[in-house]
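User: Hi! I'm new to this one and would like a friendly walk through it. Could you bring it up on screen?

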Amino acid sequence: ILVRAISYTVHGLIPASCVFADRYNREEVVRSLGKEINLNPPLTLGQLPDTPEELLKLDQVFIKSELKVGVIYVKEGQYTEEEILDNNDSSPLFEEFLQLLGEKVRLKGFDKYKGGLDTVHDLTGLYSVYTHWRGIEIMFHVSTLLPYEKNDPQKLQRKRHIGNDIVCVVFLEADNTPFSPSCIKSHFLHTFIVVRTSPRFKRKPSRYEVSVITRDEVGAYKPYLWEQSLFDKITRTGKCLQGAMFREWMLTKIVNGERASYSAPKFARMQERTRSQMLEDIVANLQNHAETGQIPKPYRRGSWRPIGHMRPSSPLLDSVRDQFEGYDQLAKDFTKYFLNTEDPDLTLFDVFFLVGQGKQKQRLFGVRAILGVRSRVFQEMLYGISTGFGSPQVPVAELLARAVPTLHSPQKPKSNFLQVPDIESPRPKSVPSSPMVMRAFSRLGSLTAGWGRSSRKASQQQQLAAEDKKKWSSSQDCSQDNKDKDSGKDKPQLAVPRLSVCADAQKVDRAKLAQTEFMIIEFDPETFRLLLDYLHTGSCPLTCANIPGLICAAEHYDLPDLLQACFHHAKQFLRIEVVCGMLSSLENYYWRYTSASELVNMILAFVETRAYQLFDCADFLSLSESMVQMVMSRNLEVAEIRKFEAMLAWARHKIRSRPATSKVDAKMEFKCTMERLARDLKLYRISPQDLIKIVLPSKAIKNERILETLMFQANSGMYRIQDSYLEACQQRLQKQDSRFSESFDYGL
């Protein structure tokens, strides 16, 4: 017998003597079991052919074959999150450890599980570590391989990947530095696996010391540390004996840690909600089939219904479904009421933003709940929700005195404003949702827990035995040294970080909640209006003109879907006519946002083969000096004299268009500007004729530099005089008078 309820699954064997019916008649067996346990309404046998497949989906929906795991590198004397994530260079010991975990792969073009990393534009680094182990794909988010921004103290490009993982491996290359999980602020990380080695050994490491830290609501999981916590990497003979065994142990601990963390209230609540909806759909379909004989149709692709939903079919529903159940109409309604138009409907908006840098600021409106759900940055801005473990350290003795960790039932958070309350909706009576059903079945035989929390209630009141206390301490204490274990039983044990049961409960700042006016100075009003429209409606118009601002806003407010859409649009619709406008818009962003820098590089690579067209554009003269220098520093497929002419035209336009109140001498400013622009100009690639006829009369480059270039060209023989030209000159000299020959211009 296998009983699937909303909160648990139990299975077991029932003696044949308990079945008072024909054992070969399934309907009579089911009916007999229902009567034996006094279940009302009576059990009936489902006849739908798709029911076994739907039940299989129910059992497999929480079995993941793809995992993403964080890996951070900690050196001696590093205690804060900023110091740890600032590590940009790895050591040989860390590289050797990464080789144990998996294979270093190139992300661009990688066609396997990517774990949220970008495999198209290299936005999340060039390399990562990946492994395929026992049918499970694991992508490691290695802190030193993720993008590094020197001007960002919080290292958000690294934090957004590692902070959203559930399991994190900490490689601690230190002797006197303990690791505290409270330094990594995240409400998703539930398990830390700390691997410590000593940097004092000049030879390859001979030993890894492993410790495990988990939140209180995560129970113990195998392989346990009391079985083995020290691993020898290299034997005395020099041959690798336990390297493969340590890798197997680590990957097993990582996968089991991820699955054990699903028992935490944060994840168990989502699992129970999904399981409840799927089970209700199956029962509703069976009940409808028993009453009407209709076979349910699977939901259409793109529908908003949950996984496993199969809706009943009837002539009335089939006739009106397409007209009244279209999700397109829902999107149109959101677009109509949540757009920031000139005359918006203020009844639905509860916050407004003053956007702009000058005195004239534009007022834009938004819905607090929608913005908080769609963007993590808006959630922090509008609700003041702080992340992190935030729990004090307690002695190990107090940890050992507690009961065995059990799977806590998901409870409604008391101070979480954003959480949707779990309102119990009426369920079909045939769904066994009560523990009484399990007790009734248990009278027939021995049942074993397969999933959920109810089957573990019997062990909640049990205390740890003396032997088990020892085992549990080795799994939690990550700061004890081997010498302390061997030398002093009377010494007080070191304190380890305690992860609170309610550590993942989000706390809303009431002051932020009462605030309805917010200042936005990072972006212009038009860009921010498009961003609000996207967050409210899920769509916004993309053009090459608005992409520079939107792509930076998407990175600033952590919107990866919008970021990817902007890059795809720019790559597909980039034209030479819009290049100058995009570069001008990116002037204020490319030094601050990685996405803006990547977009600038994409545009510059695009213009390398189209330099002639770019120089002919009238908008080229409106570019800033820094952008012109970036364009000229590329390997443009254009003659060097053409680059000089473009620089000259831009510098003259700058002098003509400068304000009349400028006190700087025009000639001096022109000379300084050309010196900066022509610093990387390769004059030796310009022919001597062009140097004399074009470059020298412009007075933009010093005569000494032109003379040095001419001497270099003469000595190197880059521009040799053709024999036919020399013969023509000799014939002309013979015909002319000697006094004309002295002033003859050879045209060299």
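Analyst: Let's start with Lys155, which is found in the loop between E6 and helix H5 (156-162); helices (H or I, at least four residues) and strands (E, at least two) are DSSP runs, numbered from the N terminus. This is a predicted model, where local features need pLDDT of at least 70, side-chain atom pairs count only at pLDDT 80 or more, and totals for chains, interfaces and linings use all residues. Residues are numbered from 1 along each chain as its sequence is written, and side-chain values use heavy atoms, with hydrogens and water left out.

User: What is phi of Lys155 near, and is Lys155 buried or exposed?

Analyst: Phi of Lys155 is near 55°, a positive value in a residue other than glycine. Lys155 counts as buried because its relative accessibility is 4%; buried means under 20% relative accessible area, exposed over 50%, and partly exposed in between (1.4 Å probe, protein chains only).

User: And where does Arg134 lie?

Analyst: Arg134 lies in the loop between strand E5 (127-133) and strand E6 (136-142). Arg134 has a positive phi of about 55° although it is not a glycine, and it counts as exposed because its relative accessibility is 61%.

User: New topic: which residues have the most contacts inside the largest nonpolar core?

Analyst: Those are Phe353, Phe378, Phe528, Tyr557, Leu599 and Phe620, in a core of 86 residues. A nonpolar core is a set of buried Ala, Val, Leu, Ile, Met, Phe, Trp, Tyr and Cys residues joined through side-chain atoms within 4.5 Å. This core draws at least three residues from each of domain 3 (375-385 + 505-609) and domain 4 (639-741), with bounds that come from an automatic or database domain assignment. Apart from it lies another core, of 40 residues, including Phe97 and Ile166.

User: How many residues of H17 are buried?

Analyst: In H17, 10 of the 13 residues are buried, so the helix is mostly covered. Just after H17, Gly538 takes a positive phi of about 85°.

User: How many disulfides does a search of the whole structure find?

Analyst: It finds 0 disulfides, a disulfide being a pair of cysteine sulfur atoms within 2.5 Å. For Cys552, the nearest cysteine sulfur, that of Cys566, is 9.3 Å away. Cys552 counts as buried, at 0% relative accessibility.

User: Last one: what joins Lys222 and Pro223?

Analyst: A cis peptide bond, with omega about -5°. Pro223 lies in the loop between strand E9 (207-214) and strand E10 (230-232).
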